[in-house]
Amino acid sequence: MCFTLTLAWQHFGRQRHVMFWALSYGIAVVQWIFNTSGLFLKSPPLIFIAAVCVLASSSLVVMGARVRANMPVRWPQFLVGAGLAVIGCAVAHSPIGTRAMQSGIISAYTGVMMAAAAVAIWPRGRSFTAPEKAFFSMLIVFVLFEGLVTVMGLALPPEGTDAAVMAYRYTLALGLPAIYVAMGVTAIVVIAGDLSLQLRMLISNDQLTGLLNRGGIDEAGARAIAYAKRHERNLAAVMCDMDSFKDVNDGHGHIVGDAALRAFSRVLMGAIRQGDLAARFGGDEFCVLLLDASEAEAAEVMERVRTGIEKLAVDRMPPGSISASFGVTALRPGDVSLDDLVARADRALYESKQRGRNRVTIWQGGQNAPNQPHLVQASV
């Protein structure tokens, strides 16, 4: 597992959370070596080193899970917690220590770390992916196993090799290797799932703005249209672009032009809801799909975007240097694809341009209702 995770780290982007998990298994290898040597040589110092390795290995699992979830790794808290556990292990392996202390401290700490890792893996604002669900399940199994081992360890007698000691050793020997392997396999599946998601995003997302690209909006739009028709829900489509964008590129350079496109995208994404779709068609042309929204509601949203664009200050360009025009339409019974909505919204956008730019126009079946720069006209 250590070798496989190291290869995954090297060849799949050298991501920090994969590095933490590879280090966790690397330290686990060292731990098993010291633990086996300590048992054969009856050496408390070697067993103590193995115990410290367990603390470090389980801590790295949590760190990796938090890094993957874009959560901060709270180093002071980790160091304090691990430091207290190391002190406890040192006392447990000293002449005044007991078997119960040795077993209980390690198992309890590992269980807490696996629970913390499970919390970090839990997705926020979305559902589990299948790989995440498998890894989360294994973490929970590990927590339950460590809870069992903690109870069994605390019940160990001070001396002798009675049935309780043998049961404890057999539980560890049978359970830990299987759990280590299963966790490693599910971690690798999570890494592969993340990589697959990144590849899909590269295919369907525009790299400059982070919005969907033409292929991405075509695919997502087909699903949105099918859903709206099946459930008889509203769906509004908007085509928009920046006014005189060529002048921005020619006058300020392509770097400033790219910054303007990114700023435009941020304003657009800030105005729409989660679940709505936004895409960059190419150049300075954008498409938006607003779920459960009428033409009038979509026009109001785009008016907020329009006024937000007017306030943008990009690089050396003062506020008001950039404006945008918008064309709005809604799903109609005869529409069969996104192209039908785009065609009407595009004609409404052209009308906005013809009427002086910097405005929102609603397509009204052959008659367009232009909106003034500071007023949304929801109807003709």
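**Patch, pocket and cavity**

Visitor: Which residues form a nonpolar patch on the surface, and what accessible area do they have together?
Guide: The nonpolar patch is formed by Val80, Leu84, Ile87, Val91 and Ile96. Such a patch joins nonpolar side chains within 5 Å, from residues with over 30% relative accessible area and no salt bridge (Lys or Arg nitrogen within 4 Å of an Asp or Glu carboxyl oxygen). By the Shrake-Rupley method with a 1.4 Å probe, their accessible area together is about 500 Å².

Visitor: What kind of model is this?
Guide: Residues are numbered from 1 along each chain, and side-chain values use heavy atoms, without hydrogens or water. Local features need pLDDT of at least 70 and side-chain atom pairs 80 or more, while totals for chains, interfaces and linings use all residues, since the model is predicted.

Visitor: Is Ile87 buried or exposed?
Guide: Ile87 lies in helix 4, residues 75–92 (a DSSP run of H or I, at least four residues; strands are E, at least two). Buried means under 20% relative accessible area and exposed over 50%, with partly exposed in between. The relative accessible area of Ile87 is 54%, so Ile87 is exposed.

Visitor: Which helix gives the most to the lining of the largest pocket?
Guide: The largest pocket has a volume of about 1300 Å³ and is lined by 43 residues, with Asn35, Leu39, Ile47, Tyr168 and Leu172 nearest its centre. A pocket is an open set of 1 Å grid points with protein on both sides within 12 Å along at least five of seven lines, and lining residues have an atom within 4 Å of a point. Helices 2, 3, 5, 6 and 7 each supply at least two lining residues. With nine residues, the most comes from helix 2.

Visitor: How many residues in the lining of the largest pocket are charged?
Guide: Asp, Glu, Lys and Arg count as charged. The lining holds 23 nonpolar and 16 polar residues, and the charged ones number four.

Visitor: How much space lies in the largest cavity?
Guide: A cavity is a set of points where a 1.4 Å probe fits but cannot get out, and the structure holds one of 30 Å³ or more. Residues lining the largest cavity include Trp21, Phe135 and Met183, and helix 2 gives the most, with three residues. The space in the largest cavity is about 50 Å³.

Visitor: Is Asn358 buried or exposed?
Guide: Asn358 lies in the loop between helix 12 and strand 5, and its phi is near 55°, a positive value in a residue other than glycine. With a relative accessible area of 13%, Asn358 is buried.

Conventions
Points joined across faces, edges and corners; volume = space filled by probe spheres on them. Patch = residues over 30% accessible without salt bridge, like charges linked within 9 Å, V, L, I, M, F, W, Y side chains within 5 Å. Salt bridge = Lys/Arg side-chain N within 4 Å of Asp/Glu carboxyl O. Buried < 20%, exposed > 50% of the residue type's maximum accessible area, 1.4 Å probe, protein only.
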